[in-house]
Amino acid sequence: MKRSLKVTSTDVIAPKRRDWATGLLVSMEDPQYKVKENDKVVVIKDKYPKAQYHYLVIPKADIPSLWHIKKENEDLLFHMHSVAEDLTQEHKESEFLIGYHAVPSMHRLHLHVISTDFNSPCLKTKYHWNSFTTPFFLHSADICHQLREKGELKKLKSEESAQHLNTPLKCHKCPTISKNMPDLKKHLLAHLSN
């Protein structure tokens with residue numbers, strides 16, 4: 001029997017509380033994952049990376065998510081973006097995405113810095129893929145600009161978030177649409193060899 005992932009707007013509005021949702025706070029202190037730190041942020045390797053390089057820039061300030069950001073946090077958001085850009089310079093051979101999930105699964109604001117090879121055994125589901133390759137992924141530069149220009153952030157509607165997560169598996173480099181994750185991952189390897 002074929003099973004497909006279907007995320008509904010109810011799932012997006014009210015995710016179930018899980019102990020792992022607070023795992024970022026533990027990982028911030030773990031030398032195995034910590035990459036760098038300054039007075040404002042800690043950078044860690046994602047515990048379940050979805051690409052060859054996948055980092056999280058996490059503020060030391062207790063901000064639960066992007067949707068708790070206020071105008072007075074503008075400097076912090078720009079600092080997080082700057083730290084993320086510095087990380088990408090350490091791997092100049094790779095292209096990167098820098099951004100936030102519209103509906104984060106983990107507690108504590110965190111900025112994803114992820115290479116676009118998406119070559120990882122932890123990239124397993126349609127949700128994983130679409131959370132980085134559709135408008136569900138909110139690019140950091142756009143978020144910083146929006147906060148600076150408008151003084152607040154416009155939240156994606158839960159129905160839109162659910163739609164983005166349920167879209168077909170489209171390659172981020174070409175028009176190819178794959179029928180399942182194994183096919184998509186095989187297709188992505190062809191891009192890596194070019």
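Predicted model: local features only at pLDDT ≥ 70, side-chain atom pairs only at ≥ 80, totals over all residues.
Residues are numbered from 1 along each chain as its sequence is written, and side-chain values use heavy atoms, with hydrogens and water left out.

The sheet is open and has 6 strands in the order β1-β2-β3-β5-β4-β6, with antiparallel pairing. Strands here are DSSP runs of E of at least two residues, helices are runs of H or I of at least four, and both are numbered from the N terminus. Two strands pair if DSSP finds at least two bridges between them. In general, strands of a sheet pair through backbone hydrogen bonds, either parallel or antiparallel.

At the edges stand β1 (34–37) and β6 (137–139), each with a single partner strand, so one side of each is left without a neighbour in the sheet. From one strand to the next, the twist averages 30°; axes are lines fitted to C-alpha atoms, for helices over the stretch in contact, and angles run from 0 to 180 degrees between N-to-C directions.

The sheet can be followed from β1. A hairpin of 3 residues joins β1 to β2, and 3 bridges link these antiparallel strands. Here E37 stands opposite V42 in β2. Strand β2 (residues 41–45) is mostly covered, with 4 of its 5 residues buried, where buried means under 20% relative accessible area, exposed over 50% and partly exposed in between (1.4 Å probe, protein chains only). On to β3, the antiparallel pairing with β2 runs over 5 bridges.

Strand β3 (residues 54–59) is in turn joined to β5 (residues 111–115) by 4 bridges, again antiparallel. V57 stands opposite L111 in β5. Helix α4 (residues 126–133) packs on the sheet and touches β3, β4 (96–101), β5 and β6, its direction making about 105° with that of β4; contact means heavy atoms within 4.5 Å. Helix α5 (residues 140–150) also packs on the sheet, touching β4, β5 and β6, and its direction makes about 65° with that of β6.

Strand β4 is mostly covered, with 6 of its 6 residues buried. Its antiparallel pairing with β5 has 4 bridges, and the bridge partner of L97 in β5 is I114. With β6, β4 pairs in the antiparallel sense over 3 bridges, and H101 stands opposite F137 there.

Within helix α4 lies N130, which counts as buried because its relative accessibility is 1%. Not counting residues up to four places away in sequence, N130 touches F136, H164, L165, N166, T167 and P168.

A cavity is a set of points, on a 1 Å grid over the protein atoms alone, where a 1.4 Å probe fits but cannot get out, and its lining residues have an atom within 4 Å of a point. The count comes to 1 cavity of 30 Å³ or more. About 60 Å³ of space lies in the largest cavity, a volume being the space filled by probe spheres set on the points. Its lining includes Y100, H101, P104 and R108.

Methods. 1 Å grid on protein atoms, 1.4 Å probe; cavity = no way out; pocket = protein on both sides within 12 Å on 5 of 7 lines; lining within 4 Å.
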